[in-house]
Amino acid sequence: MSSSLSPHSRAPQGPRTSPDPAGADLRTERLLLRPWSDGDLAAVLDGTRQPHWAADFPADGDRVIAGYTAGHPAARGAYGQRQILERESGLVVGAIGLFWPPADGSVEFGYGIVPSRRGRGYASEAARALVAFAFTAPGVHTVRADIERSNPASGRVLEKAGLERWSSDDTHVRFRLTAPAQA
């Protein structure tokens with residue numbers, strides 16, 4: 001995972017992405033990417049339904065990420081895991097996050113949108129925002145994500161977020177984006 005992208009690769013620009021003054025929330029045109037609260041982590045882990053969740057949240061992947069986030073202090077930081085909220089409804093519709101800390105300037109991310117909200121472009125919108133945000137972190141020059149071959153829609157999300165396919169094996173396809181060198 002160390003070969004670089006072509007010199008034409010660019011970090012996504014985030015004019016429609018604006019972090020809040022404290023650096024906690026990321027806002028896009030339709031979404032709010034908010035760090036997990038203690039209450040939401042506990043509710044997902046113990047199966048307590050919350051009124052501010054979409055009817056099909058949490059999905060299996062959200063439960064896995066809640067467990068990961070609860071067990072890894074770095075996942076609770078500004079560059080960690082977040083819930084995806086629809087700004088219009090205020091409902092939690094998925095999760096996205098960086099797997100912090102980076103290794104050799106490269107950080108992995110993952111995401112998921114509940115089935116009831118798929119097909120609306122939310123995953124691509126959230127991924128673009130998170131990738132742009134990742135490049136604001138000190139020392140981060142590459143953002144990467146792996147998908148299962150059986151999930152080509154996720155590959156399209158990553159391509160819309162500016163990542164390029166760079167390797168694969170029998171089960172996974174790897175994508176990444178490297179920021180241009182600063183002059």
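Trainee: Which hand does the crossing of H1 and H2 have?
Mentor: The crossing of H1 and H2 is left-handed. Keep in mind that this is a predicted model.

Trainee: Where are those helices, and at what angle do they pack?
Mentor: H1 covers residues 38-46 and H2 covers residues 60-71. They pack at about 125°, and their axes are 9 Å apart.

Trainee: What do we call that arrangement of H1 and H2?
Mentor: H1 and H2 are oblique to each other.

Trainee: Which residues meet there, H1 against H2?
Mentor: H1 brings Leu41, Val44 and Leu45. From H2 come Asp62, Arg63, Ala66, Gly67, Thr69 and Ala70. By class, the contact has five nonpolar, two polar and two charged residues.

Trainee: What sits in the loop between H1 and H2?
Mentor: Pro58 is in that loop. Look at the bond before it. A cis peptide bond joins Phe57 and Pro58, with omega about 0°.

Trainee: And what kind of peptide bond joins Trp100 and Pro101?
Mentor: Trp100 and Pro101 are joined by a cis peptide bond too, with omega about 5°. Pro101 lies in strand E5, residues 92-103.

Trainee: Which residue is 26 positions along the chain from Pro101, with C-alpha atoms 8.6 Å apart?
Mentor: That is Ala75. You will find Ala75 in the loop between H2 and strand E4, which spans 81-86.

Trainee: Is Ala75 buried or exposed?
Mentor: Buried: its relative accessible area is 2%. The cut-off for buried is under 20%.

Trainee: What does Ala75 touch?
Mentor: Ala75 touches Tyr68, Thr69, Gly80 and Gln81, leaving out residues up to four places away in sequence.

Trainee: Let's step back. How many helices and strands are in the protein chain?
Mentor: The protein chain has four helices and nine strands. Along the sequence the pattern is β-β-β-α-α-β-β-β-α-β-α-β-β.

Trainee: How much of the chain is buried?
Mentor: Buried residues make up 44% of the 183 residues. Now take the contacts with a separation of 6 or more. Residues 24 or more positions apart account for 60% of those.

Trainee: Show me a buried one. What about Leu33, where does it lie?
Mentor: Leu33 lies in strand E3. Its relative accessible area is 0%, so it is buried.

Trainee: What does Leu33 touch?
Mentor: Quite a list, skipping residues up to four places away in sequence. Among them are Ala24, Leu26, Ile84, Ile96, Ala126 and Leu130. Leu33 and Arg87 are 54 residues apart in sequence, with their C-alpha atoms 9.6 Å apart.

Trainee: Where is Arg30?
Mentor: Arg30 is in the loop between strand E2 (26-27) and strand E3 (31-35). At a relative accessible area of 30%, Arg30 is partly exposed.

Trainee: What is Arg30 in contact with?
Mentor: Setting aside neighbours within four places in sequence, Arg30 contacts Leu85, Glu86, Arg87, Arg120, Gly121, Tyr122 and Glu125. Glu125 is 95 residues from Arg30 in sequence, yet their C-alpha atoms are 8.3 Å apart.

Trainee: Another arginine, then. Is Arg117 buried or exposed?
Mentor: Arg117 counts as buried, at 13% relative accessibility. Arg117 lies in the loop between E6 and helix H3, residues 122-134.

Trainee: Which residues does Arg117 contact?
Mentor: Beyond neighbours within four places in sequence, Arg117 contacts Ala54, Glu86, Leu91, Val93 and Tyr122. Arg117 and Gly94 are 23 residues apart in sequence and 8.8 Å apart, C-alpha to C-alpha.

Trainee: Last one. What pLDDT does the protein chain average?
Mentor: The average is 87, and 86% of the residues score at least 70.

Trainee: Where is the pLDDT below 50?
Mentor: Over residues 1-22. Beyond near neighbours in sequence, that stretch has 44 contacts in the model.

Methods:
Residues are numbered from 1 along each chain as its sequence is written. This is a predicted model: local features need pLDDT of at least 70, side-chain atom pairs count only at pLDDT 80 or more; totals for chains, interfaces and linings use all residues. Side-chain values use heavy atoms; hydrogens and water are left out. pLDDT is the predictor's confidence in each residue, from 0 to 100. Contact means heavy atoms within 4.5 Å. Axes are lines fitted to C-alpha atoms, for helices over the stretch in contact, and angles run from 0 to 180 degrees between N-to-C directions. Helices (H or I, at least four residues) and strands (E, at least two) are DSSP runs, numbered from the N terminus. Angles under 35 degrees count as roughly parallel, over 145 as roughly antiparallel, 65 to 115 as roughly perpendicular and the rest as oblique. A crossing is left-handed if the near helix is turned anticlockwise from the far one by less than a right angle, and right-handed if clockwise. Ala, Val, Leu, Ile, Met, Phe, Trp, Tyr, Cys and Pro count as nonpolar, Asp, Glu, Lys and Arg as charged, and the others, Gly among them, as polar. Buried means under 20% relative accessible area, exposed over 50%, partly exposed in between (1.4 Å probe, protein chains only).
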